[in-house]
Amino acid sequence: MKLPQQNILIIEDEAQIRKFLRISLESQALNVDEASNATQGLSMAKAHAYDLIVLDLGLPDIDGQTVIRQLRQHLKTPIVVLSVRASEDEKIEALDNGANDYVTKPFAIGELMARVRALLRFNQILDPVRDSIQVKDLVINPTSREVFRDKQQLHLSRKEFDLLHLLAIKPGRILTHQVLLSTLWGDSFVNETHYLRVLVGHLRQKLSDDPMQPDYIVTVQGVGYRLKS
């Protein structure tokens with residue numbers, strides 16, 4: 001399935017991989033820009049509105065983990081890491097720093113394109129159609145990433161906000177563990193349900209939400225979660 005034209009930034013120092021990625025992404029009707037180092041990539045990412053960034057970690061000037069953190073200071077753009085670093089610790093660090101998915105080199109181009117399409121679809125779902133979302137006494141502002149309860153601001157982490165936003169887009173709709181894990185951490189984490197349980201627990205604490213008698217987040221046993229409307 002081809003998507004409407006969207007803009008992709010590749011930050012990768014190997015020219016052959018950049019060329020291969022460009023050809024593959026353009027075959028999906030995507031516009032592609034390239035950067036061969038982190039400094040150039042950071043400058044381009046801040047100057048243009050990209051829909052997705054493909055990032056190599058082993059860049060010649062700045063380590064990719066640092067690049068992710070710097071991008072996340074200013075941007076919500078989905079980031080797909082493409083790296084030869086295959087350790088679990090490296091993947092967890094990248095995802096915790098703000099990457100949306102992690103693909104290890106060498107990679108299958110069909111799988112990478114599927115992951116890109118999935119992230120672009122989710123990004124379209126999350127694009128705010130309203131300035132704010134109100135559910136009961138919660139007001140969620142997707143643009144400023146602020147949440148208020150009874151007009152008091154709640155200070156949420158990046159992932160806590162993303163989880164609440166996902167649930168609030170359509171209150172009452174059940175989001176499965178797999179959908180939430182894939183969206184928040186990436187496809188390689190779809191079986192790590194303990195990550196989600198911990199995140200939901202932290203969010204409930206900040207909402208002062210009793211899991212036994214929830215006002216907001218309802219557990220659908222063995223399936224997922226929904227937000228009360």
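This is a predicted model: local features need pLDDT of at least 70, side-chain atom pairs count only at pLDDT 80 or more; totals for chains, interfaces and linings use all residues.
Residues are numbered from 1 along each chain, local features need pLDDT of at least 70 and side-chain atom pairs pLDDT 80 or more, while totals for chains, interfaces and linings use all residues. Side-chain values use heavy atoms, without hydrogens and water.

Trainee: Where do domain 1 and domain 2 lie in the protein?

Mentor: The bounds come from an automatic or database domain assignment. By that assignment, domain 1 covers 7–125 and domain 2 covers 133–227.

Trainee: How much area do domain 1 and domain 2 bury between them?

Mentor: Buried area is the accessible area (1.4 Å probe) that two parts lose on being put together, summed over both. Of this area, 52% is on carbon and sulfur atoms. On the domain 1 side, Lys76, Leu95 and Phe122 supply 42% of what that domain buries, more than any other three residues. The total for the two domains is about 1,100 Å².

Trainee: How many salt bridges does the rule find across the interface?

Mentor: The rule asks for a side-chain nitrogen of Lys or Arg within 4 Å of a carboxyl oxygen of Asp or Glu. Across the interface of domain 1 and domain 2, the number of salt bridges found is 0.
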